[in-house]
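Please look at the sequence and the model below before reading on. The paragraphs that follow lead through the structure step by step.

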Amino acid sequence: MTARRKFRWKDVGTEARLLLIGIPVLVWTLLPVYHMVLFAISPRDSATSGALWPKSPTLSNFSVVFGEKHHYLNNFWVQLGNSVFIAVAVGAITLFVATTAAFAISRLRVRGGRTVLNMALFTYFIPAAFLAVPMYKTMGNYGLLNSQWALILAMVTIASPYCIWVLKQASDKLPYELDEAARMDGASPLQLFRLVYLPLMVPSLVAVGTYALLLAWNEYLYAFLLLSNDKSVTLAVALGNFLAADDSPWELLMATGLVYALPPAAIYYTFKRYMVGGLTAGAVKS
């Protein structure tokens with residue numbers, strides 16, 4: 001009885017410590033989101049009043065955003081479409097590159113594959129911001145500046161090494177006897193890839209595809225450097241234009257930012273279980 005009571009008190013103490021840490025972290029994390037929502041539903045004259053909640057909440061800011069009724073929002077739908085196109089393209093291309101590379105390294109065991117993977121991972125020792133100027137120069141040499149494909153290729157370059165590593169680690173956990181059985185049945189490498197490898201790798205594929213998509217969606221530095229035309233930039237870059245004037249319409253900026261934040265949040269929570277399971281695949285080998 002005493003032992004059981006001590007055990008329960010120990011559990012209560014552990015839960016209390018977790019709550020003492022978790023609640024402040026949760027509040028601190030949600031505080032910027034709260035202020036974003038607060039600004040987004042506030043009229044212009046009361047957006048910076050400092051009130052905890054606006055006296056007259058309004059959705060008119062969103063109608064201004066969706067109707068492109070401000071000169072900063074003249075190309076809102078075009079720029080949002082640019083963000084969607086670039087993010088989806090980066091996710092799809094990265095997924096193709098990472099999947100085929102991981103299959104070749106892990107299952108086909110091509111010569112030099114692990115060396116190539118290690119060299120690719122070595123690039124992460126250099127911060128991505130340091131590579132921005134060389135990437136700008138490279139895209140200029142190939143005539144890709146102010147082309148959305150410049151940003152797509154740059155983001156695929158940044159995302160691919162990590163995605164290849166994740167898929168390679170997950171692939172290593174698959175029983176190699178499956179490959180041998182398929183080969184005995186006369187399966188070619190392409191059939192092995194399509195019929196055996198892909199179905200078993202679906203959680204990890206969804207995880208790395210979502211990771212690459214969100215990485216491209218949230219990118220600002222490379223998008224700012226490689227794209228300059230108002231009709232080719234992403235919405236993340238266009239949001240920076242709101243800060244060009246002293247009397248920036250903060251309520252419209254936050255409303256636009258809130259709209260821009262909803263798609264990645266929806267994607268993440270839709271595939272959350274794949275993200276957690278897929279990105280940690282191979283972390284602990286059996």
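Which side chain meets that of Arg 107 in a salt bridge? The partner is Asp 179, at 3.0 Å from N to O; a salt bridge here is a side-chain nitrogen of Lys or Arg within 4 Å of a carboxyl oxygen of Asp or Glu. Side chains of opposite charge can pair when their charged atoms come close. Arg 107 lies in the loop between H3 and H4, and Asp 179 lies in helix H7 (residues 176-184), so the pair ties together parts that are 72 residues apart in sequence. Helices are DSSP runs of H or I with at least four residues, numbered from the N terminus. Both Arg 107 and Asp 179 are buried, where buried means under 20% relative accessible area, exposed over 50%, and partly exposed in between (1.4 Å probe, protein chains only).

The structure is a predicted model, in which local features need pLDDT of at least 70 and side-chain atom pairs count only at pLDDT 80 or more, while totals for chains, interfaces and linings use all residues. Residues are numbered from 1 along each chain as its sequence is written, and side-chain values use heavy atoms, with hydrogens and water left out.

The structure holds two salt bridges. Besides the pair already described, Lys 168 and Asp 172 meet through their side chains at 2.7 Å, N to O. These two residues are four apart in helix H6, and therefore about one helical turn separates Lys 168 from Asp 172. Lys 168 counts as buried because its relative accessibility is 4%, whereas Asp 172, at 26%, is partly exposed.

A nonpolar core is a set of buried Ala, Val, Leu, Ile, Met, Phe, Trp, Tyr and Cys residues joined through side-chain atoms within 4.5 Å. The largest such core has 46 residues, and those that touch the most other members are Phe 62, Phe 76, Val 90, Leu 151, Met 155, Tyr 222 and Phe 242. Among the elements that give two or more residues to this core are helix H2 (60-66), helix H3 (76-106) and helix H12 (250-270). H6 supplies the largest share, eight residues. Apart from this core lies another, of 19 residues, including Phe 103 and Leu 167.

Leaving aside residues up to four places away in sequence, Phe 76 touches Val 65, Phe 66, Glu 68, Leu 235, Thr 256 and Val 259. Gln 148 lies in helix H6 and counts as buried because its relative accessibility is 17%. With the sequence neighbours up to four places away again left out, Gln 148 touches Asn 82, Phe 85, Ile 86, Leu 227 and Ser 232.

What of residues that are not buried? Lys 137, in helix H5, is exposed, with a relative accessible area of 54%. Lys 137 and Ser 56 are 81 residues apart in sequence and 50 Å apart in space, C-alpha to C-alpha.

The mean pLDDT (the predictor's confidence in each residue, from 0 to 100) is 84 for the protein, and 91% of the residues reach 70 or more. Over residues 1-6 the pLDDT stays under 50, and the model has zero contacts there beyond four places in sequence. Where pLDDT is low, the predicted coordinates should not be read in detail.

Definitions and conventions. Contact means heavy atoms within 4.5 Å.
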